[in-house]
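Visitor: I am new to this structure, and I would like to learn how to read its features one at a time. Could you show me?

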Amino acid sequence: MSSLIPGHTTHTEHRSTPLSDRKLLMWIFLASDCMFFAALIGTYLVYNGRSLVGPYPTDILDIPLTTVSTFVLLMSSFLMVLALHAIRMNDIPKFRLWTLGVAFFGSIFLGFQVYEFSHFIYEGLTLQQNLFGSTFFTLTGTHGVHVTIGVLWLLSLLIISYVRPMTSQDALSVEIAGLYWHFVDIVWIVIFTAVYLVEFI
Amino acid sequence: MAKKTSNDHAADHAASSSENHHEGSSVGFYIFIALVLGAITYLEFALVEYQDTWFTALSNLWILVLLVVLSVVKFILVVMFFMHLKGDHRTFAGFFSSGMAIAVGTLFALSALFTVRSLATAQTPQQEGAGVAEAQGQEAEEHGAEQSEQGTETEASLAHRFEYPAPKTLNVDIIDLGPRPQLVRGGANSATVQTDAGNSQTASSRPGGPPPITLPDPFAQGAGGAAGQNAAQPAAPPAGEAQAAGGAAALLVDADTSAGEGVYNGNCASCHQATGAGVPGAFPPIAGHAPELALAEGGREYLVNLLLYGLQGEIQISGQAYNGAMPAWAQFSDDELASTLNYVLSSWGNAEALPPEYAAFTADEVAAQRDAALSTAEVYELRQTLELP
């Protein structure tokens with residue numbers, strides 16, 4: 001029993017620490033992704049207020065709408081911990097329910113973003129229009145791609161749960177997908193403040 | 001324990017998982033965290049959306065600080081309790097926090113890079129005024145030498161670093177200028193313009209070599225400021241306006257324009273040129289034109305609004321049409337903007353076009369227009385209704 005270490009790939013091999021390689025890999029990836037987003041957010045902030053032509057941020061950013069989508073993403077994170085909890089308790093039906101919920105909320109968030117982007121483009125803000133457009137779309141677009149990947153990842157876990165019985169290895173997979181999902185959420189927490197809220201003080 | 005069902009695996013995993021909450025209560029705990037996160041999000045929203053009704057006691061700076069703190073709290077809550085970094089193996093925390101540290105460092109480095117550079121171009125403090133003028137003189141000399149004997153220069157290029165326009169002007173080419181003007185760096189006051197069409201007006205193309213360079217003396221205007229002039233001040237209409245706003249009005253001729261000179265050379269000169277001559281058809285001249293605006297009815301306010309909110313739309317200046325975008329400069333302080341206007345109005349012969357009793361722009365005058373929050377289009381409308389020259 002003691003040899004059954006979470007995330008351990010083989011039971012024959014002994015390790016001094018209960019470290020899962022895959023989980024470690026995920027954390028290292030997240031650390032590098034932090035730097036990636038820092039560069040994008042930094043670029044946005046540095047060029048903020050330096051656009052020569054409109055539309056300017058205060059003309060088109062919509063705080064109430066974005067608050068709702070931020071809330072949706074936060075709640076998807078909450079459902080994600082519930083899903084992880086369920087699979088750890090070996091409660092597969094609940095795991096499926098919550099995972100579906102996460103993917104659903106993630107899609108709602110993406111829907112908001114698609115609406116926002118198309119609205120902005122309609123208002124004349126394109127990638128090439130001004131510095132605000134270039135930096136804003138690059139930053140939020142990259143985040144949106146992260147969310148999309150997360151949704152696909154979770155859906156694939158959901159499908160696996162129908163194809164074959166879930167094992168402790170799968171619990172680890174869910175945990176790692178969850179780490180990714182929460183990370184996408186915390187990046188948005190920062191973007192929401194740095195890009196949206198601060199603009200309207 | 002030799003043979004396990006897959007379900008046992010999962011159950012074992014749960015038992016040995018590093019979660020430090022009892023399984024029963026953890027769901028309740030997650031719900032609690034989620035509620036806190038939701039509440040913080042609403043509070044953030046309210047801080048911004050109801051700033052003028054609920055949070056009038058808080059200054060903008062406090063709101064900013066609160067927003068940053070709240071988002072950091074949310075960040076930490078998610079990382080600690082949803083990502084279980086608290087209680088998980090410390091190696092994970094080590095990797096993640098190093099990544100975060102580098103990320104935060106990147107943010108600081110980026111913003112420092114840009115603000116320090118803008119400050120270097122925008123600041124010409126009084127005490128260092130002489131030093132800077134000296135450096136500029138040196139640069140001008142070096143430049144002359146460089147042109148005549150094509151010598152190598154080190155100090156001159158160093159001085160140039162601080163002469164480059166602030167980053168704000170980097171995207172100038174968004175505006176369609178026809179033949180694109182190229183800045184040819186000369187001395188402090190001799191930046192000249194070449195267009196692609198080839199009608200070169202550079203200093204070096206003149207037969208006599210580089211033109212004489214007159215250095216702006218930040219103390220020159222202050223020197224003539226006799227108390228008698230102040231006493232004799234006959235509240236002319238524009239002067240009277242300023243007096244009402246700023247108490248004892250100072251005269252333009254007495255104004256200290258060193259800060260404004262820094263702002264101008266760092267931000268405006270790339271378009272309007274260090275000589276205030278502008279670029280025909282692209283950037284209107286300020287030399288000769290600014291006094292016309294300053295003397296027109298409503299002109300003082302218009303000038304303040306122009307700097308605060310920018311201008312976009314077709315205008316006619318001395319028979320030449322301009323249809324470009326003048327950026328807004330609200331990020332500068334009231335003092336700096338007032339000083340910029342004073343610098344502009346007392347340079348390049350502009351002072352001679354104004355009556356000696358013309359009042360200097362004051363910070364209060366700028367502050368008074370901040371609430372207006374006009375758009376560039378509204379500034380344009382204002383210009384049209386005032387029928388400015």
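Predicted model: local features only at pLDDT ≥ 70, side-chain atom pairs only at ≥ 80, totals over all residues.

Visitor: How many aromatic pairs are found over all chains?

Guide: Rings of Phe, Tyr and Trp (its six-membered ring) pair if their centres lie within 6.5 Å, and planes under 30 degrees apart count as stacked, over 60 as edge-to-face and the rest as tilted. Over all chains, the search finds 28 such pairs. Phe117(A) belongs to helix α4 (residues 92-123) of chain A and Phe137(A) to helix α5 (residues 131-163), 20 residues apart; helices here are DSSP runs (H or I, at least four residues), numbered from the N terminus.

Visitor: Is Phe117(A) buried or exposed?

Guide: Buried means under 20% relative accessible area, exposed over 50%, and partly exposed in between (1.4 Å probe, protein chains only). Phe117(A) has 19% relative accessibility, so the residue counts as buried, and Phe137(A), at 11%, counts as buried too. Both belong to one aromatic cluster, whose members include Phe136(A), Trp188(A) and Tyr196(A).

Visitor: Which residue forms a salt bridge with Lys23(A)?

Guide: A salt bridge is a side-chain nitrogen of Lys or Arg within 4 Å of a carboxyl oxygen of Asp or Glu. The partner of Lys23(A) is Glu175(A), with the closest N and O atoms 2.7 Å apart. Because Glu175(A) lies in helix α6 and Lys23(A) in helix α1 of chain A, this pair ties together parts that are 152 residues apart in sequence. Arg88(A) also forms a salt bridge with Glu175(A), at 3.2 Å between the closest N and O atoms.

Visitor: What is the span of helix α1 of chain A from its first C-alpha to its last?

Guide: The expected span of a helix is 1.5 Å times one less than its number of residues. Helix α1 (residues 21-47) of chain A has 27 residues and reaches 39 Å, close to the 39 Å expected. After this helix comes Gly49(A), whose phi is positive, near 80°.

Methods. Residues numbered from 1 in each chain as written. Chains lettered and ligands numbered in written order. Heavy atoms only, no water. Helix = DSSP H or I, 4+ residues; strand = E, 2+ residues; numbered from the N terminus.
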